[in-house]
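Hello,

Here is the structure I promised to pass on. Please have it open while you read, and my notes follow below.

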Amino acid sequence: MHELGVAASILDCVHAEAKRRPGSHISKVGIRLGEISGVDADSLQFGFECLVKETDLEPLVLEIEAVPRMQRCSQCSHEFRMTGYDPQCPQCGEFMTQCISGDQLDISYMEVDE
Amino acid sequence: MNRVEVEKKVLSENQLLAEHLRERYRESGVCCVNLISSPGSGKTLLLERTLERMAPTARVAVLTGDLQTENDAQRLARFGFPVKQIITGGTCHLDARMIGRHLEGWDVASLDLLIVENVGNLVCPSSYDLGEDCKIVLLSTTEGEDKPLKYPSIFAKAALMLLTKVDLLPYVPFRAELARENARRVHPQIEIIDVSSTTGEGLEQWMAWLERRQQAKKAGQAAATRS
């Protein structure tokens, strides 16, 4: 629903980076998108393409790296990927495990043609 | 071609503003809670019941967000506490800039509790940090028990789930225990309180929860001042 706004925020960062590198073209921007970030990858990609189309940013590719949800066990500290909404620690069976990763919405890199 | 590592949050501008707000709240010992739910889960009615139960001397204020109309602010203003409507004009969530703008003219330091009622939406508000101490999610008994599984982001981030409209449980096919179980599957540490704004059930517990959060904030502020 808010993916267009998120896409616009990514483009703000691209513009800022382009400004710092006059004469170069940014051809790709890579982001890390967590499983529970609340942002849909397809909608984000679609919104991004719409905003880039027929602007001087073209051609600009958005690469989305999906980041899975990880939990840490409060008892044995085991870290595991949470699948199928099962928070239980696969090592010791503890239910009280803490989410340690999966809400990322980060820009990780840009590819610049100098 | 040159690859440049960036390491920046996509919503870094919002994040920065949210951190400023958090710092302001921390300095003044203000506890800020961010209420999030689907439209119609009972956020505004719960807030009416909440303000009604506050002592007249309570230092509480409310910011309430909607796409359009001042209706909610009008409903909440009659309890005599400061209330402001945030009209987003179509945006599906509140962001930190809107909060900062609407706090202008208010003496934040004179508050103990700032309640933010987000736009009715279970998805987008979960991505935007408003500088709050905690998010609170409402799930009503007229919705599905699987909402925590369908919209895990907000249930994973909320400190408290309020199960609202529990007075309707005898009349709806809602399985409350399953809803609680689903919420705990997404977030094992989530606290849960059952409430009914109609009968008043659970409201004492809810008020006590808010009070504890405020006390904890004050204690944290006092500790920070001493050190």
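**Where the two chains meet**

The contact draws on 27 residues of chain A and 25 residues of chain B, where two residues are in contact if their C-beta atoms, placed from the backbone, lie within 7 Å. On the side of chain A that touches chain B, the elements giving two or more residues are α1 (3-20), β5 (97-101) and β6 (105-113) of chain A. Of these, β6(A) gives the most, with 9 residues. By class, that side of chain A splits into 17 nonpolar, 6 polar and 4 charged residues; Ala, Val, Leu, Ile, Met, Phe, Trp, Tyr, Cys and Pro count as nonpolar, Asp, Glu, Lys and Arg as charged, and the others, Gly among them, as polar.

A word on the source: this is a predicted model, in which local features need pLDDT of at least 70 and side-chain atom pairs count only at pLDDT 80 or more, while totals for chains, interfaces and linings use all residues. Residues are numbered from 1 along each chain as its sequence is written, and chains are lettered from A and ligands numbered from 1 in the order in which they are written.

**Strands**

Helices (H or I, at least four residues) and strands (E, at least two) are DSSP runs, numbered from the N terminus. β6(A) pairs with strand β1 (residues 2-9) of chain B in the antiparallel sense, over 6 bridges; strands pair if DSSP finds at least two bridges between them. Here Asp106(A) stands opposite Lys9(B) in β1(B).

Chain A also has an open sheet of 3 strands in the order β4-β3-β5, with antiparallel pairing. Its edge strands are β4 (79-81) and β5 of chain A, each pairing on one side only. Between strand β3 (residues 70-73) of chain A and β5(A) there are 4 bridges, and Arg72(A) has Gln98(A) in β5(A) as its bridge partner.

**Helices of chain B**

Helix α1 (residues 12-28) and helix α4 (residues 96-103) of chain B pack at an angle of about 40 degrees, with their axes 8 Å apart. Axes are lines fitted to C-alpha atoms, for helices over the stretch in contact, and angles run from 0 to 180 degrees between N-to-C directions. That angle makes α1(B) oblique to α4(B), because angles under 35 degrees count as roughly parallel, over 145 as roughly antiparallel, 65 to 115 as roughly perpendicular and the rest as oblique. Their contact has 5 nonpolar, 2 polar and 1 charged residues.

Best wishes
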